[in-house]
Each structure stands twice: as structure tokens, then as C-alpha cells.
Amino acid sequence: MEMIVKKEDVKTIKSDVLIYATTEEELKKVDTRFEKILINIVGSGDFTGEFNKVHMLYPKDMITSGRILLLGLGKQDELNLERIRRAFATAVQSLASINIKNIAVYYSKLKNNKMHESDIVTCALEGILLGNYRFSKYVTELRERIKIDLQKITIIEEEQSQVRLLQEVADKVKIICENVNFTRNLVNESGNITHPQMLEETAKKFAKEYGFKFKVLHEKELKELGMNLLLAVGKGSIYSSRLIILEFDNNKSSNEHVVLIGKGITFDTGGLNLKPSVGIVDMRSDMAGAATVLGMLKTASELKIKKNIAVLIPTCENMIGPNAYKPGDIIKSYSGKTVEVVDTDAEGRLILADAITYAVKHLKPTVVLDFATLTGSIMRTFGGFVTGLFSNNDSLAGKIFNAGENTYERVWRMPVYDEYKELMKSDVSDLKNISKEEYAGAITGAAFLEAFVDKIKWAHFDIGGSAWFDKQRFYVPKGGTGIGIRLFVELIKTL
Ligand code: BES
Ligand code: ZN
Ligand code: ZN
């Protein structure tokens with residue numbers, strides 16, 4: 001797909017449709033370039049610029065664009081970047097039934113607002129590229145019709161002096177959004193396709209393509225090292241557990257080392273503590289953390305970010321069967337700490353614990369960030385609108401919070417007080433994987449992880465609610481959301 005920013009007359013631009021975005025105030029002033037076309041519509045009251053409203057025009061006197069899609073941005077003083085994302089998503093979604101390949105985008109004088117123009121372009125394009133996503137691979141009949149086959153987006157810029165800068169911005173947004181959609185695809189993929197072997201092959205393919213260092217530890221190596229938690233969770237599956245390791249060292253002169261860990265449970269039945277029918281169906285998304293960190297590394301490479309980044313993906317299937325691990329099993333972790341498995345459904349923290357220990361022992365991390373669909377508890381807390389954040393470092397948590405606000409991939413920090421750590425102590429071993437207390441599931445999950453981080457700067461993202469939506473919300477589709485990639489791009493600059 002091509003993305004172009006240029007100075008051109010809106011009347012002569014060549015496109016299948018011109019998205020003309022306007023606030024209520026701007027519409028009332030009637031833009032002279034569109035005087036004839038717009039005066040009538042303003043007079044009719046059919047389109048007032050109300051937020052998120054669209055109206056298609058087929059003007060006679062347009063020279064090259066056959067259609068103008070008026071897009072309402074609402075009241076000037078209520079306009080913000082998130083509203084721009086949402087409105088442009090609505091615009092592109094309203095075009096889904098028409099065969100459109102080529103769109104032009106025009107918005108007048110939004111710059112007068114408090115927003116930077118580079119942010120306006122970013123968010124308009126995010127709305128289009130993220131809002132046009134559908135996981136349509138298996139929808140035989142609808143495949144062609146449920147989204148538009150975008151081949152070209154042209155952004156019309158009025159000032160020649162801005163064009164170069166905005167083109168750079170647009171190129172960056174394209175990379176980021178394609179990776180968000182890559183992550184969504186991987187999460188949405190059918191659970192019989194996405195298994196630990198497949199994640200390994202996917203990672204290996206990227207390593208080759210992008211020049212990442214690649215290593216995978218299989219059963220034999222995991223046994224030798226003593227990564228028994230990771231091994232235990234995978235025992236009920238025909239696919240053995242593995243730890244995938246990717247390294248992208250793009251700043252050899254720096255000692256900084258960011259380690260990203262993603263939970264890679266390719267299916268979570270709950271194990272012998274089997275999940276009920278209602279909750280189990282979406283559990284192919286339990287590898288969303290893994291998909292997210294893969295998407296992050298790909299993005300970092302494509303944007304040529306000057307950082308040293310490693311990705312760790314502990315992956316297995318949490319299945320039942322004669323060989324499955326059992327409630328009550330006591331297992332020695334890679335760190336040496338022993339863990340009582342009270343509930344086989346609290347498996348994510350087990351595999352993450354061994355991966356965190358691997359990072360501590362082998363990768364000299366200056367910061368560890370883990371992404372995991374760790375708990376249903378966080379979903380009940382935030383309802384998917386916010387990611388649960390846990391950290392042992394105030395400055396890091398502050399940076400993550402800001403990156404979340406700037407991208408609207410919002411996070412909210414929760415405390416890991418000593419009382420919660422106490423709850424994770426066991427009578428028969430050093431730790432247990434769930435507390436007997438019914439409440440505070442997300443925090444006690446984080447408290448368990450923290451026992452393995454040592455003194456390293458660490459943050460845990462519980463994406464249990466935010467990685468997967470049961471219904472579409474604006475530019476975020478039903479299913480895998482791809483949350484985290486945009487936040488990461490903001491965050492990594494500050495690490
Ligand atoms: N993968 C689930 C968490 C989850 C549930 C994410 C629903 C997204 C939607 C995790 O492995 C799990 O089962 N957690 C349990 C822990 C409990 C047994 C302490 C949970 O949160 O219910
Ligand atoms: Zn589980
Ligand atoms: Zn799980």
C-alpha cells in the first residue's frame with residue numbers, strides 16, 4: 001500500500017473517494033474550494049459536521065474524485081486526537097461495501113486547534129488503517145466485501161513546507177499499523193494452526209528476514225537448565241514446551257538491554273482445573289502476549305530503533321491428558337524457588353516465572369517488560385478499556401503511563417504491596433501459584449511474578465482484558481486488538 005502526502009488542489013486530486021473531514025464550525029464557514037458543493041448541504045441541514053457522522057456526495061463538478069465523503073469531527077473545542085482516530089475509522093468502515101482502492105484525505109484548518117499537525121495526520125491514518133482491519137481469512141463469501149482493499153492513501157497538505165516532514169510521519173504510521181494488524185492476525189488465527197511449533201517457526205522466519213539472533217530451547221535443553229515450570233504446563237500437550245529467544249542489538253555501544261517477555265499459551269483449557277464452556281472458546285488468544293512482543297520487535301526493526309532489544313517467548317499448550325500436570329504438584333522453578341500448583345489454570349505466571357529467570361540469568365537486562373493475558377480478574381476490573389500495569393519502579397511506571405495516555409492504549413498502575421506477596425506463600429513450598437483468597441486475582445498474579453524479578457527494573461502488563469474484545473469498538477475490531485504496539489513505540493524512546 002502506498003501512502004503519499006502532497007500539496008494538491010482538492011478539486012483535481014485523483015481518488016475513488018475524497019474524505020473531507022470538518023468540524024461543525026469549519027463547515028459553517030464554507031470552504032471556498034467547495035463552495036458550490038457545500039453550500040447546499042449546509043443549507044439542507046442533512047450534514048452538520050456532527051461528530052462521527054458521514055455523508056456521501058456525488059458532485060457533478062468534481063474533476064477527478066467521483067465521491068466526497070463528508071466526515072463530521074464535531075465541535076472544535078471537543079475535538080482531540082482520539083476523536084480523530086474514531087472518526088476516520090467510521091469513515092473507512094462506511095466505505096466497506098464499495099469497491100474502493102484509492103482514497104484521498106482532506107481536513108481544513110484543524111491546525112488552529114491545540115493539536116500538532118503531525119499528530120493529526122498520525123491519528124487520521126491510524127483510524128483508517130486500524131479501522132479497516134478485519135480477520136477475513138476464513139470468511140469465504142464475505143472476504144471481498146467486509147473491508148476495503150486499500151492500495152493508496154493521499155493526504156492533502158496545504159503547506160508545501162510541511163510535506164516532507166508529514167511524509168516521514170505517514171511512513172512511520174504505516175509501519176506501526178501494519179504491525180498492529182500483524183499482531184491481531186496472529187492472535188485471531190485459529191487455535192489448530194497456532195501451536196508452540198508454529199510460534200517457533202514464525203519467530204524463526206522473522207529472525208531470518210530481519211537478521212535477529214534466534215535461539216529456541218526445546219524439552220531437552222529446558223530439562224538440563226531446570227526450567228521445570230515451563231515444562232510442567234506443557235506436559236498435557238502433544239507439542240512440547242519451548243522457550244523462543246530473539247535478539248535485536250541495534251545499539252552496540254550501549255549497555256542498555258530491554259527484554260520483552262510474552263506469554264505464549266497457544267491454548268488455555270485451564271488444565272485439570274478445566275475452564276467452563278463459556279470461557280474456553282476464546283482461549284486461543286492466550287498467546288496474545290507472545291504475538292505482541294513479536295510485533296514490537298518487528299516494529300523496532302522496521303523503524304530502525306537504536307536500542308538493544310531481546311524477546312523471550314515461553315510457549316506451550318495448557319491441555320489435559322494422562323501426562324498433564326496436576327493440582328497439588330510441587331515443582332522446582334528455574335530460579336530454585338519451589339512452587340505449589342494450587343490451580344492448573346493459573347499457568348501463565350508459571351511459564352513467565354521461568355522466562356523472567358532466564359532473562360535475569362542470561363541476558364543482563366536493564367529493564368524487563370512482560371505482556372500477558374494473565375488474569376480474568378483484570379478484565380473484571382477494567383472491562384478491557386485499560387491494561388493493568390504493575391511495576392517495581394516508579395519512574396518506569398510513569399513513562400509507561402505517559403506512553404499509554406499519548407497513544408490511548410491506556411494503562412493504570414496497581415499496587416503490589418507486601419500483603420499481596422504474603423498471600424502467595426505456601427505451607428509446603430516457597431510459593432503457590434494462586435492465593436486461597438478469592439479477590440485481588442490480578443495483583444496476586446503480579447505478586448507471584450515479582451518474586452522472580454530480583455532487583456531488575458520490571459513492569460508487567462496484564463492484557464487479560466485489553467488484548468481481546470468481544471465486540472468492535474471504533475478502530476479496534478472484535479477479537480485480537482493488537483494493543484501494546486503503539487504504546488511500545490512511544491515508550492522505547494524514553495527507556
Ligand atoms: N488466560 C487466563 C486469563 C484470562 C481469562 C485472560 C479470560 C483473558 C480472558 C489465565 O491463565 C487464567 O486462567 N487465569 C485465572 C487465574 C485463576 C485460576 C487464579 C483467572 O484469571 O481466572
Ligand atoms: Zn489459565
Ligand atoms: Zn492463561
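**The zinc site and ligand 1**

In this predicted model, four residues supply the protein donors of the zinc ion (ligand 3): Lys-263 (NZ), Asp-268 (OD), Asp-286 (OD) and Glu-347 (OE). These donors lie 2.0 to 2.4 Å from the zinc ion (ligand 3). Along the chain, the donors are spaced as K-x4-D-x17-D-x60-E.

The site of the zinc ion (ligand 3) is octahedral. Six donor atoms take part, with angles of 78 to 174° among them. In general, the ideal angles for six octahedral donors are 90 or 180 degrees.

Distant parts of the chain are linked by the pair Lys-263 and Asp-286, which are 23 residues apart. Lys-263 sits in the loop between strand 9 (258-262) and strand 10 (264-268). Asp-286 sits in the loop between helix 9 (277-280) and helix 10 (288-302).

Lys-263 has a relative accessibility of 2%, so it counts as buried, the cut-off being under 20%. Asp-286 is also buried, because its relative accessible area is 2%.

Ligand 1 is surrounded by 16 residues. The closest are Lys-275, Asp-286, Asp-345, Glu-347 and Gly-376. A polar side-chain atom of Asp-286 is 2.8 Å from a nitrogen atom of ligand 1. For Asp-345, a polar side-chain atom lies 2.7 Å from an oxygen atom of ligand 1. Leu-374 places a backbone N or O atom 3.5 Å from a nitrogen atom of the ligand. On its own, ligand 1 has 520 Å² of accessible area, and the protein covers 80% of this.

Terms used:
Residues numbered from 1 in each chain as written. Chains lettered and ligands numbered in written order. Predicted model: local features only at pLDDT ≥ 70, side-chain atom pairs only at ≥ 80, totals over all residues. Heavy atoms only, no water. Donors = N, O, S within 2.8 Å, 3.2 Å for Na, K, Ca; no water. Tetrahedral: all angles 85-135°; square planar, octahedral: opposite > 155°, others 65-115°. Helix = DSSP H or I, 4+ residues; strand = E, 2+ residues; numbered from the N terminus. Buried < 20%, exposed > 50% of the residue type's maximum accessible area, 1.4 Å probe, protein only. Near = heavy atom within 4 Å. Polar contact = N/O pair within 3.5 Å; in protein donor to acceptor, adjacent residues only side chain to side chain. Areas by Shrake-Rupley, 256 points an atom, 1.4 Å probe, with all protein chains shown as cover.
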